[in-house]
Amino acid sequence: MAEDLHIIKGTKQEQYETLVPQIKAILEGETDLIANLANICGALKEQFGWLWVGFYLVKEDELVLGPFQGPVACTRIRKGRGVCGASWAEAKTLIVPDVEKFPGHIACSSLSRSEIVIPLIHQGIVKGVLDVDSTELSTFDETDQVYLQQIIDLSSF
Ligand code: SME
């Protein structure tokens, strides 16, 4: 596994293009899901410095907090609740430019202004979500969606 991340400045796309192969190398040969999700959070947080990067995993009828980087967060989210629960219920990525305009948004941190949530889908079933929060409005777009999806797809789900 690579020892240190090579962190670069540049456009969002350039940052992802440098980061994705490094994450691939870090995850290669490791089959433990939690270990891989934890390193994905660490790598994303180190490169982009977002407020919060983490996973919630489906356990019975709730999302339960998994590996994350950032401030402490809500531990359980019901299906359909908040951005994470909506992404789970709809099995689709949700990009929220302004969290205050998302009905039912769950404010784990008052500093969060925008958010992207991507479901982890395995054999047609949502197993969890990746949630990323930013202190700025409108941080996330289709570029993040495409690359974060690529990263999730490396995770051994
Ligand atoms: N804001 C999320 C809750 C999780 S925290 O942001 C870490 C939501 O509305 O589902």
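User: Which element gives the largest share of the shell around the ligand?
Analyst: The largest share comes from α3, with 3 residues. Helices here are DSSP runs of H or I with at least four residues, strands are E runs of at least two, and both are numbered from the N terminus. This is a predicted model, in which local features need pLDDT of at least 70, side-chain atom pairs count only at pLDDT 80 or more, and totals for chains, interfaces and linings use all residues. Residues are numbered from 1 along each chain as its sequence is written, and side-chain values use heavy atoms, with hydrogens and water left out.

User: How many residues surround the ligand, and which are the closest?
Analyst: The ligand is surrounded by 13 residues, and the closest are Val83, Cys84, Ile106, Cys108 and Glu115.

User: What is a nitrogen atom of the ligand 3.3 Å from?
Analyst: That nitrogen atom is 3.3 Å from an N or O atom in the side chain of histidine 105. An oxygen atom of the ligand lies 3.3 Å from a side-chain N or O atom of aspartate 131. Taken alone, the ligand exposes 300 Å², and the protein buries 98% of that. Those areas come from the Shrake-Rupley method with a 1.4 Å probe, and for residues only the protein chains shown count as cover.

User: What is the space taken by the ligand?
Analyst: That space is the largest cavity. A cavity is a set of points, on a 1 Å grid over the protein atoms alone, where a 1.4 Å probe fits but cannot get out. A molecule sits in one if more than half of its atoms lie within 2 Å of its grid points.

User: Is glutamate 60 buried or exposed?
Analyst: Exposed, with a relative accessible area of 77%. The cut-offs are under 20% for buried and over 50% for exposed, with partly exposed in between (1.4 Å probe, protein chains only).

User: What about phi at glutamine 123?
Analyst: Glutamine 123 is not a glycine, yet its phi is positive, about 50 degrees. Glutamine 123 lies in the loop between β5 (114-122) and β6, and at 71% relative accessibility it counts as exposed.

User: Now glutamine 47. Where is it, and is it buried or exposed?
Analyst: Glutamine 47 is in helix α2 (residues 33-48). At 7% relative accessibility, glutamine 47 counts as buried.

User: Which side chain does it make a polar contact with?
Analyst: The side chain of glutamine 47 contacts that of glutamine 15 at 2.7 Å. A polar contact is a pair of N or O atoms within 3.5 Å; within protein, one must be able to donate a hydrogen and the other to accept it, and residues adjacent in sequence count only if both atoms are side-chain atoms. A polar atom of the glutamine 47 side chain also lies 2.7 Å from the backbone oxygen of isoleucine 8.

User: Serine 155, where is that?
Analyst: Serine 155 is in the segment after α4 (142-152) and counts as buried, at 0% relative accessibility. A polar atom of the serine 155 side chain is 2.8 Å from the backbone oxygen of isoleucine 152.

User: Last one, tryptophan 88: which helix is it in?
Analyst: Tryptophan 88 is in helix α3 and counts as buried, at 8% relative accessibility. Tryptophan 88 and leucine 120 are 32 residues apart along the chain, and their C-alpha atoms are separated by 8.7 Å.

How values were computed: A residue is near a molecule or strand if one of its heavy atoms lies within 4 Å of it. On a 1 Å grid over the protein atoms alone, a cavity is a set of points where a 1.4 Å probe fits but cannot get out, and a pocket is an open set with protein on both sides within 12 Å along at least five of seven lines; lining residues have an atom within 4 Å of a point.
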